Amino acid sequence: AVVSTQSTGTLKAPSKVILLKNMVGPGEVDDDLEAETREECSKYGEVVQVVIYEIPSGVAVEEAVRIFVHFKRIESAIKAVVDLHNRFFGGRTVRCMFYPVEKFEALELNPQAEEL
């Protein structure tokens with residue numbers, strides 16, 4: 001099946017790890033966010049790990065909280081990106097993209113040049 005999205009970069013370089021941006025703003029991360037994200041993403045397939053990374057300062061509000069979801073299968077990650085990108089959540093438009101597994105596993109979680 002061919003999948004088309006509004007922004008051409010969204011489905012580039014598929015990976016088992018996805019990055020969700022703009023789900024919550026700075027200072028809005030709470031104890032439930034990880035569990036809620038895991039539960040929501042589990043409908044696409046088995047979730048291996050959820051990592052929430054908040055950048056302390058120096059970035060735009062929508063870039064400040066980065067939520068990484070590592071799926072067991074790449075097909076699950078593709079479904080999640082297709083469904084979650086540009087979804088409206090809590091008054092915000094979520095940005096969703098693939099993230100390189102190597103960088104995730106090395107805990108390189110800051111914005112990458114290709115995102116900006």
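These are my notebook entries on a predicted model of one protein chain.

**Ground rules.** I number residues from 1 along each chain as its sequence is written, and I keep to heavy atoms for side-chain values, leaving out hydrogens and water. The model is predicted, so local features need pLDDT of at least 70, side-chain atom pairs count only at pLDDT 80 or more, and totals for chains, interfaces and linings use all residues.

**Fold.** I looked up the secondary structure as DSSP runs, numbered from the N terminus: helices are H or I with at least four residues, strands are E with at least two. The protein chain has three helices and six strands. Along the sequence I read β-α-β-β-α-β-β-β-α.

**Contacts.** I took a contact as heavy atoms within 4.5 Å. Among contacts between residues at least 6 apart in sequence, 67% join residues at least 24 apart.

**Surface.** I used Shrake-Rupley accessible areas with a 1.4 Å probe; for residues, only the protein chains shown count as cover. The protein chain exposes about 6,700 Å². Carbon and sulfur atoms supply 51% of that area. Buried residues (under 20% relative accessible area, 1.4 Å probe, protein chains only) make up 40% of the 116 residues.

**Cysteines.** How many disulfides are there? I required a pair of cysteine sulfur atoms within 2.5 Å, and the count comes to zero. Cys41 is in no disulfide; its nearest cysteine sulfur, that of Cys96, is 7.5 Å away. Seen from Cys96, the closest cysteine sulfur is in Cys41, and 7.5 Å is too far for a bond. Are these side chains' residues buried or exposed? Cys41 counts as buried at 1% relative accessibility. Cys96 also counts as buried, at 1%.

How values were computed. Buried means under 20% relative accessible area, exposed over 50%, partly exposed in between (1.4 Å probe, protein chains only).
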